[in-house]
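Student: I would like to work through this structure by question and answer. Please begin with the ligand sites and then turn to the charged pairs.

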Amino acid sequence: MSTISVVGTGYVGLVTGACFADLGNRVVCIDVDERKIAMLQAGEIPIYEPGLEELVERNVRSQRLSFTTSYAEGLTGTDFVFVAVNTPSGHAGEADMTYARSAARSIAEHLDGPAIVVNKSTMPIGTGDWVVGVLSRYGRVRAPVVSNPEFLREGSAIVDFNHPDRVVLGSDDRQAAERVAQLYASLKAPILVTDLRTAEMIKYASNAFLATKISFINEMASICERMGADVKEVARGMGLDARIGAAFLDAGVGYGGSCFPKDVQALVHMASLSGCHPQLLRAVIEINRDARRSVMLKLRAAVGDLDERVIGILGLAFKPNTDDLREAPALEIIRLLQQEGARVKAYDPAAMEKAQALLPDVSFCQDPYATASGADALVVVTEWNEFKHLDLRQIQQLMARPILVDGRNLYDPSEMKALGFEYYGIGRAAQSGELLNAGRVNGV
Ligand code: UDX
Ligand code: UDX
């Protein structure tokens, strides 16, 4: 059993802390946000993440997990300090290191015995070396640094923690990396030990590659639309090739969330400042921007002028099983709709409370049926399971005009047509008969 401190109790820090406690360690989570800590101390969970509430409750009850705003209290006698503060995008796309800087400084000032500092947050390449410098400048005790990037998907973060494909540990202190490896030993995952910068780069490269896969299939989708092919079948046909793999080939309104958008931006920023010309990554970002906007093109083509039209939005979170709205495609789509004068109604199973604070002019509905009622068009933005099992006949009847833009390709185009919908998927021109511009190719 080890004593672990986790600095930053957001999505990553709270899941990491609770999971380490569940493995039998004593964990103290530290956060500067007094409200959040007060909630956690009162047994409330500030975020929606399946399984997290039970996990936290069980470990708090067993006295393995506690919360504090005090660095002095949270770092007393600790063996490992995990840093999981946020690193948002700065003005030029760079990672904003303000929080990481203040966390590193506070850790240096409060550590009272030898401990290993573990960077969990995604931080620019070279941050580990920089944290080593901060700790030796302001600290009183020896504290080696290990980079241990997280690969937790929101919505399945606890499963991802307990069943990692790999654990990456980067350090210039081999012994420190091996001690961190011990924390993960019971998970029986492959462990890769590298130097600090390589581990930091593995995280960026992994996220950039997954984002590239998504933008790649979104580009194929727009080609499919114009050439009369079905991107869902194309992705299936590609994904069965083991060299390609089926994951992350779902075409749609693009990637959002707290990681892909900011990490690809930050990698572009770092690369270009060091003399590279990251044109592939720039294209990935641009295709993702277009993917969100393609919804507007479809709506305009189907509805006509959007002024005073009622548009229903199903799904606000950036993906299902979370209430996270960071970089959620729905936010941008709603703003674009409002700019064109549309009246927006919306429903999300988990993210409405957070959305209300961000979207004052949206009318929030209690379920998908109320959202469809009287709408001139309905747009599916997030593929919640709930939307896969709707009574579509009823939805069709409730709408003023049965126009459905399926931004996540949830439904079968021919079934939707049979139900009387004017259906627009993403990259499914062959079956939906939408916007078909499949010109003659070489005289065919
Ligand atoms: C964070 C990083 O943004 C991301 O780069 C990384 O890959 C994973 O960790 P997340 O956990 O989603 O992501 O961030 P967030 O939910 O914003 O939580 C960060 C927490 O750190 C907040 O609770 C915030 O109050 C806290 N924090 C921030 C501190 O405790 N101290 C600080 O100085 C700054
Ligand atoms: C991601 C990484 O997957 C994870 O390893 C960690 O680094 C944190 O960032 P997360 O952002 O929680 O996880 O969600 P993820 O499942 O990766 O999806 C990201 C976005 O891509 C979502 O908006 C999702 O809708 C979109 N997506 C995903 C697609 O558009 N198509 C796909 O095929 C897969």
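Student: Which helices each supply at least two residues of the shell around ligand 1?

Tutor: This is a predicted model, in which local features need pLDDT of at least 70, side-chain atom pairs count only at pLDDT 80 or more, and totals for chains, interfaces and linings use all residues. Residues are numbered from 1 along each chain as its sequence is written, chains are lettered from A and ligands numbered from 1 in the order in which they are written, and side-chain values use heavy atoms, with hydrogens and water left out. Helices are DSSP runs of H or I with at least four residues, strands are runs of E with at least two, and both are numbered from the N terminus. At least two shell residues each come from α1 (11-22) and α5 (98-110).

Student: Which residues come nearest to ligand 1?

Tutor: A residue is near a molecule or strand if one of its heavy atoms lies within 4 Å of it. Around ligand 1 there are 20 residues, and the nearest are Asp31, Lys36, Thr122, Glu150 and Lys262.

Student: How much of the accessible area of ligand 1 does the protein cover?

Tutor: Polar contacts are pairs of N or O atoms within 3.5 Å; within protein, one must be able to donate a hydrogen and the other to accept it, and residues adjacent in sequence count only if both atoms are side-chain atoms. An oxygen atom of ligand 1 is 2.6 Å from a side-chain N or O atom of aspartate 31, and a polar side-chain atom of threonine 87 is 2.8 Å from an oxygen atom of the ligand. Accessible areas come from the Shrake-Rupley method with a 1.4 Å probe, and for residues only the protein chains shown count as cover. Of the 690 Å² that ligand 1 has on its own, the protein covers 92%.

Student: How many polar residues does the shell around ligand 1 have?

Tutor: Ala, Val, Leu, Ile, Met, Phe, Trp, Tyr, Cys and Pro count as nonpolar, Asp, Glu, Lys and Arg as charged, and the others, Gly among them, as polar. The shell around ligand 1 has six nonpolar and six charged residues, and its polar residues number eight.

Student: Why does the pair of arginine 326 and glutamate 154 tie together parts apart in sequence, and how many residues apart are they?

Tutor: A salt bridge is a side-chain nitrogen of Lys or Arg within 4 Å of a carboxyl oxygen of Asp or Glu, and the side chains of arginine 326 and glutamate 154 form one at 3.6 Å, N to O. Arginine 326 lies in the loop between β9 (310-314) and α13 (329-339) and glutamate 154 in the loop between β6 (145-147) and α7 (157-162), so the parts tied together are 172 residues apart in sequence.

Student: Is glutamate 154 buried or exposed?

Tutor: Buried means under 20% relative accessible area, exposed over 50%, and partly exposed in between (1.4 Å probe, protein chains only). Arginine 326, at 37%, is partly exposed. Glutamate 154 has a relative accessible area of 10%, so it counts as buried.

Student: Which helices hold arginine 292 and glutamate 332?

Tutor: Arginine 292 forms a salt bridge with glutamate 332, with closest N and O atoms 3.2 Å apart. The pair ties together parts 40 residues apart in sequence, because arginine 292 lies in helix α12 (residues 279-303) and glutamate 332 in helix α13.

Student: Is arginine 243 buried or exposed?

Tutor: Arginine 243 sits in the loop between α10 (231-239) and α11 (260-273), and its side chain makes a polar contact of 2.8 Å with the side chain of aspartate 241. Its relative accessibility is 76%, so arginine 243 counts as exposed.
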